[in-house]
Amino acid sequence: MQVSETTNDGLKRGYEITITGDELAAKVDEKLAEAQPEIEMKGFRKGKVPMALLKKQFGQRLLGEAMQESVDGAMGKHFEESGDRPAFQPEVKMTNEDWKEGDDVVVDLSYEALPEIPEADFSTIKLEKLVVKPEEEAVDEALKNLAESAQNFTDREEGAAAQDGDQVVIDFLGKVDGEPFEGGAAEDYPLVLGSNSFIPGFEEQLVGAKAGDAPEVKVSFPEEYQAAHLAGKDAVFECTVKAVKAPEAAEIDDELAKKFGSEDLEALKGQIRERLEAEYNGAGRAVMKRKLLDALDDLVKFDLPPSLVDAEAKQIAHQLWHEENPDVEGHDHPEVEPTDEHRKLAERRVRLGLLLAELGRQNEIQVSDAELTQAIMNQARQYPGQERQFFEFAQQNAEFRQQLQAPIFEDKVVDHVFGQADVTEKEVSKAELEKAVEELEDE
C-alpha cells in the first residue's frame with residue numbers, strides 16, 4: 001500500500017492511496033481462512049471445504065469488504081501518523097473506474113485539516129466581574145410580587161361593576177346552533193377577567209357586569225381549537241353573574257412565607273436574597289464571558305477551515321432571514337446568500353469554537369453523566385406530566401444529548417480560562433448591571 005501527497009494548500013490536504021491487487025487478494029484469503037472452520041457445504045464436513053471452492057463461492061462478496069477495510073485502514077493509519085484531524089468527513093473517491101479483479105485500487109483522499117492552535121498566555125487577559133449585592137428595595141419588590149401572586153378576592157360593594165383583574169363567579173351554559181355541547185356548562189365558576197383562560201373574547205364581554213346580571217356572551221371558537229367538532233363554530237354562552245370580587249394582595253407576613261414553603265418571613269427574605277444573588281451572579285458572569293470571548297478572539301489567531309466558515313455563515317444567514325420573516329416556517333424559500341457581515345461573525349464563532357474545543361481536549365475537560373442527566377431533568381421540567389417521556393426521548397437521541405452537552409462543556413472550559421485570567425471584582429448597582437447586559441444584547 002502506497003500513500004502519496006497530491007495537495008498541501010493551507011489546510012487543504014489531498015492524498016493518493018494505492019492498494020495493490022496482491023494486497024487485496026491476500027486480504028480475501030485471510031478472511032476465507034478465518035471463516036473456513038465454521039463453513040458447512042454439501043458433500044464436505046464442517047471446516048473441510050477446500051479453499052478454492054470457498055473462493056469461488058464467496059470471493060467476490062468478500063472482495064468488496066476487503067477493499068473497504070483496506071481503504072479505511074489506510075486512512076486510519078494516515079491520520080494516526082500525520083496527526084491530522086479532518087474538519088469534515090473526508091471525501092474518498094476511487095479513480096480507476098475501469099477496475100477489475102486483480103488490478104490495483106487507486107483512491108483519492110481529500111479533506112480540510114483542523115488547524116494547529118497556538119498556545120496563549122491567558123494571564124494577560126484582564127477581566128472585571130460585576131458584583132451586585134441585593135438591596136432591600138429589591139427584596140421588598142419581590143415580596144410584593146409574591147403577595148400579589150397569592151392574592152385573595154373579596155366581594156365588591158353591592159351593584160359594583162366588574163373590572164379587568166376582578167374575579168366573577170358565574171354559572172354558564174354554552175350552545176352551538178342552539179344546542180348545548182359537552183363541557184360547555186359550569187356552576188359557581190370563579191373566572192379572573194383578563195386571565196385569558198377562556199375563549200378569546202369571552203372575558204372582555206363580562207367587564208362591566210354586576211352581580212345578578214345575566215349576559216349572553218357571543219364568541220367564535222378558534223379554527224385550531226382542540227375539540228375538532230367545535231373548531232371555527234359560533235357559540236352563545238348564557239351566563240349568570242353571582243358575585244363580583246376585587247383582588248386583594250396577601251399580607252406580607254409569616255403566613256405568606258409559609259405559603260411559599262418558608263418557616264417565617266425572615267426565612268423567606270433570605271431565600272429571596274439568595275435567588276437575587278444567583279440572578280445577579282448569572283448576569284455578571286454572562287457579561288464577563290462575553291468580554292473573555294472578545295479577548296480570546298483578539299489574542300489567538302490561526303487559519304480557519306473554509307468549509308467550516310462557509311457552513312457557519314450559511315447557517316447564520318438562514319437563521320437571521322427567518323427572524324426577519326417569522327411568517328415563513330418552512331425552508332422552501334430562495335437560498336439566502338451570506339453577506340460579509342455574516343462571514344465575519346462566522347469566522348469569530350468558528351475560531352472560538354475550535355479554540356474552546358482544543359482547550360477542553362488538552363485539559364481533559366469532560367461533561368459527566370451526572371451533569372448531563374441534570375441538564376435533561378431541567379429540560380424535562382418544562383413539560384409537566386410528560387417528564388418520563390421526555391427523559392426517554394433524550395436517552396435514545398444522541399444528537400439531542402449532544403445539544404445539551406455542548407453549552408455545559410463550553411461553560412466548563414470558560415471557567416478554566418477564568419481561573420487563569422486576571423479577574424478583579426467591581427461592585428456595581430443593579431441598574432449598571434442591567435445596562436451592561438443590554439449592551440451585550442445590542443452587539
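Q: Is the crossing of H8 and H9 left-handed or right-handed?
A: This is a predicted model. In it, H8 and H9 cross in the right-handed sense.

Q: What describes the packing of two helices?
A: In general, two packed helices are described by the angle between their axes and the distance between those axes. Here helix H8 (residues 369-380) packs with helix H9 (residues 387-396) at about 140°, and their axes are 9 Å apart.

Q: Which residues of H8 and H9 meet?
A: From H8, Thr-373, Ile-376, Met-377, Gln-379 and Ala-380 take part; they meet Glu-387, Phe-390, Phe-391, Ala-394 and Gln-395 of H9. By class, this contact holds six nonpolar, three polar and one charged residues.

Q: In what order do the strands of the sheet lie?
A: As a general idea, strands of a sheet pair through backbone hydrogen bonds, in either a parallel or an antiparallel manner. In this model, four strands form an open sheet in the order S1-S2-S4-S3, with antiparallel pairing. Strand S1 (2-9) and strand S3 (91-94) are the edge strands, each pairing on one side only. From one strand to the next, the twist averages 20°.

Q: How many bridges join S1 and S2?
A: S1 pairs with strand S2 (residues 12-19) over seven bridges, in the antiparallel sense. As one example, Asn-8 has Arg-13 in S2 as its bridge partner.

Q: Which helix packs on the sheet?
A: Helix H2 (residues 51-82) does, touching S2, S3 and strand S4 (105-112). The direction of H2 makes about 40° with that of S4.

Key: Residues are numbered from 1 along each chain as its sequence is written. This is a predicted model: local features need pLDDT of at least 70, side-chain atom pairs count only at pLDDT 80 or more; totals for chains, interfaces and linings use all residues. Side-chain values use heavy atoms; hydrogens and water are left out. Two strands pair if DSSP finds at least two bridges between them. Helices (H or I, at least four residues) and strands (E, at least two) are DSSP runs, numbered from the N terminus. Axes are lines fitted to C-alpha atoms, for helices over the stretch in contact, and angles run from 0 to 180 degrees between N-to-C directions. Contact means heavy atoms within 4.5 Å. A crossing is left-handed if the near helix is turned anticlockwise from the far one by less than a right angle, and right-handed if clockwise. Ala, Val, Leu, Ile, Met, Phe, Trp, Tyr, Cys and Pro count as nonpolar, Asp, Glu, Lys and Arg as charged, and the others, Gly among them, as polar.
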